Amino acid sequence: DWYKTLLPEQIPFISYPYEWSFGQLKDAALLTLSIMKLAVEHGMILKDASAYNIQFTGGKAIFIDTLSFEKYDPNKTWVAYRQFCQMFLFPLYLGHYTKTGIQKILSVYPEGIPVDITAKLLPFKSRFNLGVRLHVLLQKNISARNIKNEKENFSKNKLLHLVSHLESIIRSLHNEDKTKGWDNYYTETILGKQYLDEKEKIFRSFIDPLNITTALDLGANTGHFSKILAAKATQVIAVDDDGKTIDALYHEIKCSQIKNVLPLVVDISNPSPAIGFNNTERASFQGRIKTELVAALAIIHHLVIGKNITLGLLAEYFQNICNQLIIEWVPREDEKVQQMLAGRKDVFQDYTEDFFTTQFSKYFNINKKAAIPGTKRVLYFLLKK
């Protein structure tokens, strides 16, 4: 006996704040504040300000929790203020002042970084910032003294002033710094424009005949091949453990006509686990990934030599997440591999192309393979058995 059943647009892939880049978290914060302003203008207010109320689809942040609104009461403060600070402002402050990734600490505190932890992690110079003094240090002192002002008169003007102040702070924050070097990956040594052009030709020849809707680009770096995949697939997830390159890709996607690429900060050797009560509140990255095609370009040597993951384990991993796999074999003689082996003992006797094909042939058939001209690298197109 109800009037209507509302079915919202379905989100292709659910992501979590601890997988977002700095720019994504910043946009999610600004969207939350914008919606808060709009709600107040209509006599409503956000009763919670969780980052999980935001998802990214179509190249932008969208608000998905339509049950977060309640009527505005001028006799109450904004009850979601502390939550907003813990889930948005505090991690953005940490990213701004330390110029490091914020994903790992957000994964440790999935409900937001507590104010006392934030105050301890922020550098001393931040204490001279008015916003830090007001929203971090003062809040820490009030929290420590257990002071509550729930009955304090909180007019609309006072509330909107608070929201505008938070907006101005967040707009001023940035995380710009040098990356680990992957932004120059294709311009160093043999990995120059010729290498990239030749690899792209082979890659396009592999995917041109395909009819796919979902793809995952592992180790996406600057997203060069993610954008190529976007012309074929409805949804492309581009992941890399370097938050700075993912942030750059996010800003590029946001300003371009390509709206079906979702950039995420994920370390494939240590991806987001299932967390929450009984490990069922939020699914693992592995559990959420259901894709037709995976591109794993220039990553296998990092996983085997850099992370000590065997080729056998990698073959088993890939067959669990895709039916089609484009993977780049990077041989021991490759300059990048030699650089990785220079500072450690070479115990990777099984790191050979023959052993690679033996292990992956347990789960995949080799459909195509092509050597990349000018290098000893080889692209393989594998089909799951």
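**Close-up 1. Eight aromatic residues gather in one cluster: Tyr317, Phe318, Trp329, Tyr351, Phe356, Phe360, Phe364 and Tyr380.** Keep in mind that this is a predicted model.

**Close-up 2. Phenylalanine 13 meets phenylalanine 285 edge-to-face.** The ring centres are 6.1 Å apart and the planes sit at 70°, so this pair counts as edge-to-face, for which the angle has to be over 60 degrees. Phenylalanine 13 comes from the segment before helix H1 (22-41), while phenylalanine 285 belongs to helix H10 (residues 285-288), so the pair ties together parts that lie 272 residues apart in sequence. Both phenylalanine 13 and phenylalanine 285 are buried.

**Close-up 3. Phenylalanine 84 and phenylalanine 88 make a tilted pair.** Here it's 5.1 Å from centre to centre, with 40° between the planes. The two residues are 4 apart in helix H2 (residues 81-98), which means about one helical turn separates them. Phenylalanine 84 is buried, with a relative accessible area of 0%, and phenylalanine 88 is buried with a value of 0% too.

**Close-up 4. Two charged residues sit over tyrosine rings.** Look for the charged end of lysine 4 over the ring of tyrosine 3, 5.4 Å from the ring's centre. Then find arginine 282, which lies over the face of tyrosine 52 at 3.7 Å from the ring centre.

**Close-up 5. Glycine 58 sits in a loop between two strands.** Those strands are S2 (54-57) and S3 (60-63). Glycine 58 is partly exposed, at a relative accessible area of 38%. Its C-alpha atom is 8.3 Å from that of leucine 262, a residue 204 positions away along the chain.

Note on methods: Residues are numbered from 1 along each chain as its sequence is written. This is a predicted model: local features need pLDDT of at least 70, side-chain atom pairs count only at pLDDT 80 or more; totals for chains, interfaces and linings use all residues. Side-chain values use heavy atoms; hydrogens and water are left out. Buried means under 20% relative accessible area, exposed over 50%, partly exposed in between (1.4 Å probe, protein chains only). Rings of Phe, Tyr and Trp (its six-membered ring) pair if their centres lie within 6.5 Å; planes under 30 degrees apart count as stacked, over 60 as edge-to-face and the rest as tilted. A charge sits over a ring if NZ of Lys or CZ of Arg is within 6 Å of the ring centre and within 35 degrees of the ring normal.
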